[in-house]
Amino acid sequence: MRLNKRGFTLLEVLVALAIFAISALAISRQIGNGHIQQQQLAYKTSAMLIAENEVAVLMLNEQWPALGRDEKRLQWAGLDWQLTREVTATSEPWLRQITVSVGLLDTPGDLVNLVSYRGRY
């Protein structure tokens with residue numbers, strides 16, 4: 001008597017299902033990580049645009065920036081941002097260092113620190 005074996009056994013189906021479940025879990029975790037990284041990149045890009053805009057305003061201003069630290073809050077792209085601008089003297093009397101730091105409001109740490117220099121004339 002000859003047995004014709006057709007289909008899969010229950011054990012084979014369970015092993016295949018376990019492999020599929022582990023693969024699906026790994027893929028879903030990577031998709032979640034990719035989404036978080038994309039969001040962080042969007043935040044950093046926005047922060048850099050805000051910092052570059054602040055430096056451009058200081059460069060175009062006819063008055064030489066005063067020494068000191070200034071903080072302000074602003075809203076951009078539907079988010080609240082904290083901007084810190086610090087102007088310090090350099091070893092050259094006609095040159096000042098401008099440091100602009102931008103981060104999300106109520107979030108620890110800055111997303112971007114931009115350093116620039118401005119001469120008096």
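## Basis of the description

Because the model is predicted, local features need pLDDT of at least 70 and side-chain atom pairs count only at pLDDT 80 or more, whereas totals for chains, interfaces and linings use all residues. Residues are numbered from 1 along each chain as its sequence is written, and side-chain values use heavy atoms, with hydrogens and water left out.

## The sheet

Four strands form an open sheet in the order 1-2-3-4, with antiparallel pairing; here strands (E, at least two residues) and helices (H or I, at least four residues) are DSSP runs numbered from the N terminus, and two strands pair if DSSP finds at least two bridges between them. Strand 1 (68-76) and strand 4 (112-119) are the edge strands, each pairing on one side only. On average, neighbouring strands of this sheet are turned by 20° against each other, direction ignored, where axes are lines fitted to C-alpha atoms, for helices over the stretch in contact, and angles run from 0 to 180 degrees between N-to-C directions.

## Hairpins and bridge partners

Strand 1 and strand 2 are joined by nine antiparallel bridges, with Glu71 having Thr84 of strand 2 as its bridge partner. These two strands form a hairpin with two residues between them, and Ala77 in the turn has a positive phi of about 60°.

Strand 2 (residues 79-89) also runs antiparallel to strand 3 (residues 95-104), again over nine bridges, and the hairpin that they form has five residues between the strands. Within strand 3, Val100 stands opposite Arg85, while Gly103 stands opposite Gln82.
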